[in-house]
Amino acid sequence: MNQEKIILGVDPGTRVMGYGIISVNGNALTLIQYGVIKLDKYNSHELKLKKIFERITQLITEYLPDEMAIEAPFYGVNVQSMLKLGRAQGVAIAAALQRDVPIVEYLPKKVKQSVTGNGNATKEQVAYMLEHLLKVKLESQYLDATDALGVAVCHYMHGKTKALTGNSSKKKGWDAFVSENPDRLKN
């Protein structure tokens, strides 16, 4: 028997933060909502963090996601930007933790690879593939939101063996894979 799961995907940002919410029922993916939190209009970093926390909390209250998948900050040249992005991610995570929503983090390349088959795909390529996977037309001006949807879809694809099926294994890495998938070993 299939049980519906709601996944909130988040693409953290300090100017624009994307979010996407999907429903998973068996192998069927359905878009529930997606959008952006525009933060440019706030003049202090603290106020931006407060708005991120409030909006993520509001999304959790409204849509009751079973899990949250969030994109990990990527390492750039500017250390200050990286710190600010990490704070934005941390505030979004804190909002989910406050509501006991399990969180999984994915690297940007993993998200792109999962959705498009290419870890170096562009935002436009991710959006294009999501349109086909979700069978909806997505607004092109919301590429941060489609990135967040990509994170949610990535979690669905990689979470099938753990979070979405209730496999509570604490093992990680190759040892976990080998012990949990003996039928896939070749002698």
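Q: In which helix does Asp 144 lie?
A: This is a predicted model, in which local features need pLDDT of at least 70, side-chain atom pairs count only at pLDDT 80 or more, and totals for chains, interfaces and linings use all residues. Residues are numbered from 1 along each chain as its sequence is written, while side-chain values rest on heavy atoms, with hydrogens and water left out. Helices (H or I, at least four residues) and strands (E, at least two) are DSSP runs numbered from the N terminus. In that scheme Asp 144 belongs to the run of residues 143-159, which is helix H5.

Q: Is Asp 144 buried, partly exposed or exposed?
A: The classes rest on relative accessible area, where buried means under 20%, exposed over 50% and partly exposed in between, using a 1.4 Å probe and protein chains only. Because its relative accessible area is 24%, Asp 144 is classed as partly exposed.

Q: Which residues does Asp 144 touch, leaving aside those up to four places away in sequence?
A: A contact is counted when heavy atoms lie within 4.5 Å. With sequence neighbours up to four places away set aside, the residues that Asp 144 touches are Asp 11, Val 16, Gly 18, Val 36 and Lys 123.

Q: What is the largest C-alpha distance within the pair that UniProt lists for "binding site"?
A: UniProt positions follow the numbering used here, with feature names shortened, and annotations may be inferred rather than shown by experiment. The record, an unreviewed entry, lists Asp 11 and Asp 144 under this feature. Although they are spread over 134 residues of sequence, they cluster in space, with a largest C-alpha distance of 6.5 Å.

Q: Why does Asp 11 count as buried?
A: Asp 11 is placed in strand S1, which covers residues 5-11. Beyond residues up to four places away in sequence, its contacts include Glu 71, Lys 123, Asp 144 and Asp 147. Asp 11 counts as buried because its relative accessibility is 5%.

Q: Which residues are closest to the centre of the second largest pocket?
A: Grid points are joined across faces, edges and corners, and a volume is the space filled by probe spheres set on the points. The volume of the second largest pocket is about 690 Å³. Among the 29 residues that line it, those closest to its centre are Pro 12, Gly 13, Arg 15, Phe 74 and Leu 85.

Q: Which helix gives the largest share of the lining of the second largest pocket?
A: Helices H1 (45-63), H2 (79-98), H3 (108-116), H4 (123-134) and H5 each supply at least two lining residues. The largest share, four residues, comes from H2.

Q: How many charged residues does the lining of the second largest pocket have?
A: Ala, Val, Leu, Ile, Met, Phe, Trp, Tyr, Cys and Pro count as nonpolar, Asp, Glu, Lys and Arg as charged, and the others, Gly among them, as polar. Under this scheme the lining has 12 nonpolar and eight polar residues, and its charged residues number nine.

Q: Which geometry, stacked, tilted or edge-to-face, does the aromatic pair of Tyr 34 and Tyr 142 have?
A: Rings of Phe, Tyr and Trp (its six-membered ring) pair if their centres lie within 6.5 Å, and planes under 30 degrees apart count as stacked, over 60 as edge-to-face and the rest as tilted. The count by this rule is one aromatic pair. For Tyr 34 and Tyr 142 the centres are 6.3 Å apart and the planes form an angle of 90 degrees, so the pair is edge-to-face.

Q: How is His 45 classed, buried or exposed?
A: His 45 is placed in helix H1 and, apart from residues up to four places away in sequence, it touches Thr 14, Lys 84 and Arg 87. Because its relative accessibility is 15%, His 45 is classed as buried.

Q: What value does phi of Asp 100 take?
A: Most residues other than glycine have a negative phi. Asp 100 is found in the loop between H2 and strand S5 (103-106), and at 69% relative accessibility it counts as exposed. Although Asp 100 is not a glycine, its phi is positive, at about 60 degrees.

Note on methods:
1 Å grid on protein atoms, 1.4 Å probe; cavity = no way out; pocket = protein on both sides within 12 Å on 5 of 7 lines; lining within 4 Å.
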